[in-house]
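Colleague: I have the sequence and the structure open side by side. Could you walk me through the parts worth looking at, starting wherever you like?

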Amino acid sequence: MTTPAPLTPAALRDWPLPDRSGSKDDRGGVLVIGGARPTPGAVLLAGYAALRVGAGRLTLAVAESVAPSCAAQFPEAGALALPERPDGSPTGAAAPGMDREIARADAVIVGPGLDEPEGAAALLSTVLADADGTAVLIDAFALGVLPGLGVTLPAGTVLTPNLTEAARLLERDDVDPELAAGQLAARYGAVVSCAGLIAHPDGRLWATASGHPGLGTSGSGDVLSGAIGGLLAGGCPPEQAASWGTALHATAGDRLAARIGPLGFLARELTEEFPGLLVEFGA
Ligand SMILES: NC(=O)C1=CN([C@@H]2O[C@H](COP(=O)(O)OP(=O)(O)OC[C@H]3O[C@@H](n4cnc5c(N)ncnc54)[C@H](O)[C@@H]3O)[C@@H](O)[C@H]2O)[C@@H](O)CC1
Ligand SMILES: Nc1ncnc2c1ncn2[C@@H]1O[C@H](COP(=O)(O)OP(=O)(O)O)[C@@H](O)[C@H]1O
């Protein structure tokens, strides 16, 4: 088994951040697709994280009944209304204008807050068909439907499974994180961030030097995918976006645990640490 290379601040600096002095268009647009009526918050959390790592533009595609409240709650973001079933799950039909938004985005995150396989499969298929050169990150319920789609993912796709999702993808009851990250990267030809490990399909493996149990909190994975998606949109290669995003998330957890207490910090509070940590990591 490959020994993971530790993602110390010095190792992260081997990948310099892209120039961040330009306009908001230079720093990239993120489209987050997810948000069933019962779980619109997942998309908001991913969106906060994407903007906090410096993405220039943000659009949230969520179930139509919650699109107006998401737009009101998040004035920095645009909203697209996904057609939904009576129970509030997106049907999988594209929102009006979604093809234009996918083409215009620099990174698309699909999955946070979806809660039903058919809609998730249809939305993921649309993203994969329309994302011509756009970076794609697949998370949460969109991961659960990936094996059934039988597609080859575009090079550079990023997957962010939690351990339950990794086990499901590998058809096991439980998994060893290091083995699972590497196996998923090889199977899907994708960069994988799972439980603080980052695996590249060519066999390279990295591990964050930090990470706190307090990170196991509702919405934590949504923040992780938003951070990685925001860095992808800003022009980072997928292994850098996954490594920097995972290290930012883990270190933010350490900082909050030290300041607030070991448990009980909120996923959204992680995002507030990101701008300062980016400066520290990049210095
Ligand atoms: N504030 C919010 O709105 C929050 C929303 N969240 C969202 O809630 C959703 C559910 O998260 P849980 O961790 O409870 O997920 P579950 O424990 O229900 O499922 C875990 C994973 O198993 C897979 N899966 C489960 N049933 C499946 C099926 N029938 N077909 C295919 N795949 C299936 C999916 O990949 C899923 O993400 C996610 O979309 C997540 O983003 C959570 O992250 C918590 C916060
Ligand atoms: N107990 C823990 N110790 C260290 N890191 C953790 C712990 N729990 C979660 N994390 C980190 O937070 C990330 C997201 O948490 P997780 O609970 O897997 O997300 P979600 O279920 O919301 O997708 C994990 O990939 C891991 O990096």
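Modeller: Bearing in mind that this is a predicted model, I would start with Gly221, which lies in helix α10, residues 220-233.

Colleague: Is Gly221 buried or exposed?

Modeller: Gly221 is buried, because 25 other C-beta atoms lie within 10 Å and 20 or more are enough to count as buried. Leaving out residues up to four places away in sequence, Gly221 touches Asp139, Ala140, Thr160 and Asn162.

Colleague: What does UniProt say about Gly221?

Modeller: The annotation "binding site" in UniProt covers Gly221, and the entry is an unreviewed one. In the model, Gly221 is also among the residues that surround ligand 2.

Colleague: Which other residues surround ligand 2?

Modeller: Besides Gly221, the surrounding residues are Asn162, Ala195, Gly196, Gly211, His212, Pro213, Leu215, Gly216, Ser220 and Leu224.

Colleague: And how many of the shell residues are nonpolar, polar or charged?

Modeller: The shell around ligand 2 divides into four nonpolar and seven polar residues, with no charged residue in it.

Colleague: Where else does UniProt place the feature "binding site"?

Modeller: The unreviewed UniProt entry also places that feature at Ala42, Gly113 and Asp222. These positions span 181 residues in sequence, yet no two of their C-alpha atoms are more than 8.5 Å apart, so they gather at one spot.

Colleague: Take Gly113 for me. Where is it, and what is it in contact with?

Modeller: Gly113 sits in the loop between β5 and α5, the latter being residues 117-130, and it is buried, with 29 other C-beta atoms within 10 Å. Leaving aside neighbours within four places in sequence, the contacts of Gly113 are Gly34, Gly35, Ala36, Thr39, Pro40, Gly41, Ala42 and Val43, and one of these, Ala42, carries the "binding site" feature in the unreviewed UniProt entry.

Colleague: Changing topic to the strands, which residues of β5 are on which side?

Modeller: In strand β5, residues 107-110, Ala107 and Ile109 are on one side and Val108 and Val110 on the other, and all of them are buried, so that both faces of the strand are covered.

Colleague: Which strands does β5 pair with?

Modeller: Strand β2, residues 29-33, runs parallel to β5 and is joined to it by four bridges, with Val30 having Ala107 as its bridge partner. Strand β6, residues 135-138, also pairs with β5 in the parallel sense over four bridges, and there Val108 stands opposite Val136.

Colleague: What about β8, how do its residues point?

Modeller: From strand β8, residues 191-194, Val191 and Ser193 point one way and Val192 and Cys194 the other, and all are buried. Strand β7, residues 158-159, pairs with β8 in the parallel sense over two bridges, with Val158 partnered by Val191. Strand β9, residues 197-199, is antiparallel to β8 and joined to it by three bridges, and Val192 stands opposite Ala199 in that pairing.

Colleague: And which residue in the hairpin of β8 and β9 has a positive phi?

Modeller: That is Ala195, with phi near 55°, in a hairpin that has two residues between the strands. Ala195 is also one of the residues surrounding ligand 2.

Colleague: Where do Ala140 and Glu171 lie, and are they buried or exposed?

Modeller: Ala140, which is not a glycine but has a positive phi of about 50°, lies in helix α6, residues 140-144, and counts as buried, with 25 C-beta neighbours inside 10 Å. Glu171 has a positive phi near 55° and is found in the loop between α8 and α9, where it is exposed, with 7 other C-beta atoms within 10 Å.

Colleague: Last one: which residues touch the most other members of the largest nonpolar core?

Modeller: Of the 97 residues in that core, Val30, Ala61, Val62, Val108, Ala142, Val192 and Leu232 touch the most other members, and helix α2, residues 41-52, gives the most to it, with nine residues. Ala61, leaving aside neighbours within four places in sequence, is in contact with Leu31, Val32, Ile33, Leu80, Leu82, Ala95 and Met98.

Definitions and conventions
Residues numbered from 1 in each chain as written. Chains lettered and ligands numbered in written order. Predicted model: local features only at pLDDT ≥ 70, side-chain atom pairs only at ≥ 80, totals over all residues. Near = placed C-beta within 6 Å. Nonpolar A, V, L, I, M, F, W, Y, C, P; charged D, E, K, R; others polar. Core = buried A, V, L, I, M, F, W, Y, C linked by C-beta atoms within 7 Å. Buried ≥ 20, exposed ≤ 12 C-beta atoms within 10 Å, placed from the backbone. Contact = placed C-beta atoms within 7 Å. UniProt positions renumbered as here; feature names shortened; annotations may be inferred. Pairing = 2+ DSSP bridges.
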